[in-house]
Amino acid sequence: MSGSDDESAWWRDAVIYQVYPRSFADGTGDGEGDLPGLRARLPYLADLGVDGLWISPWFPSPMADGGYDVSDFRGIHPMFGTLADADAVLREAHALGLRVIIDLVPNHTSDRHPWFLAALAAEPGSSLRDRYFFRDGRGPDGEEPPNNWISAFGGSAWARVTEADGRPGQWYLHLFAPEQPDLNWTNTAVLEDFDDVLRFWFDRGVDGLRIDAAPAMAKKAELPDADYGGVLQFRTVDWDDNPHWDVEQVHDIFRRWRAIADTYDGDRVFVAEAVVSTPERLVKYLRPDEMHTAFNFPYLKSPWDAEALHDVIDATLASFEPVGVPSTWVLTSHDEIRPVTRYGRPTTSSFFITDGEGEVSDLALGTRRARAAAMLMLALPGGAYIYQGEELGLPNVDDLPEEVLQDPMFLRSGGAIRGRDGARVPLPWSGVAPPFGFCPDEAQPWLPQPESWSALTVEAQSSEQGSMLSLYRAALRLRRSTEGLHAAPLVWRRSPSGVLDFDRGTVLRCLVNLSREPVEVTVAEVLLSSAPVARGHLPVDAAAWLRPLTQ
Ligand code: NOJ
């Protein structure tokens, strides 16, 4: 049985490294990352000091949305390898003491999934169409979408099909790209098939599942129009009582899944990707018979501002602690602007992908802040997520030529939004010129890497004491070796304005200077700092871990 009630379950304070497999490491020499590449680099992750990895979708997919358009939930994309490679990743990761979480995308399938192809070929009203949302259009000839719902990637959430007789026919729902038709989770065939998908991967030994777009999965019956308050953007944090987001029935699905996970040993974990309007609504996903943990988007989205960070940390702890669920902390992902770029811009928040877009980033400033932000995140109680390349301090690549951009956000906004490709450029491992060991020299990485990354490779940073990579390694090591940290509560100290200062029990003190003046450090022993502490002062935009008892 699952030990999820067990205070010592591994995921409660785990640091999880997100692998975006297409951009992590290429083991086969075609310029695309893959599972042989990942296998070869698992020792790097073990050495970095993380506890596990979350692998973004590795399933067969036409890649209309970077793999979040799945055409077979029980397979591996041939570009990434085979099921045997996946088994090898699981086996070798486990042998290195690393847990593996995979990414389940249950709200939608690819439009090439056999179910969707069968639905298209079937008659309107057929049970094969009932696995999705097919509806007649509004207006005299059905030429208007069935309702006013919008897609996360822009425009209407409905696309019209051509029926077998060649005439324009019904519409189908896609809350994301048109290549991602939404599944109907009231359909028994859908429910039963996914029960089996869960067992398929748990049986193979995955330690957990990240649930993509969890609040999207249930829709209000009759699909009524939504009231977006005049803002036609997919800002789910602003939505209350929305008919296609965070609808109460979604919780029935997770209860069903939790019952399945609980039949397995080894603390299997569900991680919810759930951007909802309030912490109270989020913790509903974390009830004892639902998911175990969730990403902390309010923290990720917070600006580089002491008061805002203090507030979001308090709000997180206040909502999670009473329900006995550990908090998680995260700075970025494959969907976000990389922190080094974001924190160097005038707009440091990230409430929407376009926040700060087009602003010039001071990368030196952004890097200083990203170093401090990493130390703050890793000092907080609970679990944390690191997105590949964050530990190298990679900037976003904001000048990718438009012809290489693949993000549906870019394509569907007619180029108005550049989208997320700039955070998905393949990692630089070694050498002084692209492809930096990501793939063999004669191959081309699927997105071009900047020449300037020569100083940011794993190889270059490994031997440099002051590098971002060295900081992450040192922080992760210290976090792991600090006895009692896991259970030590966060207690704020009184601090000047713009300064975050807290103890973790009696084992660690964390000081972060977001003010405009250096802060005096009165403690004898600095364990680690993101910038040198000179003449007893912690510089601006820096963090330090201190030994609290020697004060
Ligand atoms: C969230 C994923 O992180 C993102 O990359 C994807 O586009 C959407 N869900 C749709 O699956």
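## Burial and overall form

A residue counts as buried when its relative accessible area is under 20%. By that criterion, 61% of the 551 residues of the protein chain are buried in this predicted model.

The protein chain contains 13 helices and 18 strands. Its radius of gyration is 23 Å, close to the 24 Å that the globule rule gives for 551 residues, so the chain is as compact as a globular protein of that length. The C-alpha trace spans about 80 × 55 × 45 Å along its principal axes. The accessible surface amounts to about 20900 Å², with 51% of it belonging to carbon and sulfur atoms. Of the contacts between residues at least 6 apart in sequence, 66% join residues at least 24 apart.

## Domains

The domain assignment divides the protein chain into domain 1 (45-107 + 188-395), domain 2 (114-173) and domain 3 (489-546). The centres of domain 2 and domain 3, taken over C-alpha atoms, are separated by 57 Å.

## Helix 10

Helix 10 comprises 17 residues (363-379) and reaches 24 Å from its first C-alpha to its last, close to the 24 Å expected at 1.5 Å a residue. Helix 10 is largely enclosed by the rest of the structure, because 13 of its 17 residues are buried.

Pro408 lies in helix 11 (residues 408-412). With a relative accessible area of 4%, Pro408 falls under the 20% cut-off and is therefore buried. Leaving aside residues up to four places away in sequence, Pro408 touches Ala64, Asp65, Phe153, Ala177, Ser413 and Arg420. Gly205, 203 residues from Pro408 along the chain, has its C-alpha atom 33 Å from that of Pro408.

Conventions
Residues numbered from 1 in each chain as written. Predicted model: local features only at pLDDT ≥ 70, side-chain atom pairs only at ≥ 80, totals over all residues. Heavy atoms only, no water. Helix = DSSP H or I, 4+ residues; strand = E, 2+ residues; numbered from the N terminus. Buried < 20%, exposed > 50% of the residue type's maximum accessible area, 1.4 Å probe, protein only. Contact = heavy atoms within 4.5 Å. Domains from an automatic or database assignment. Expected span 1.5 Å × (residues − 1). Rg over C-alpha atoms; globule rule 2.2 N^0.38 Å. Areas by Shrake-Rupley, 256 points an atom, 1.4 Å probe, with all protein chains shown as cover.
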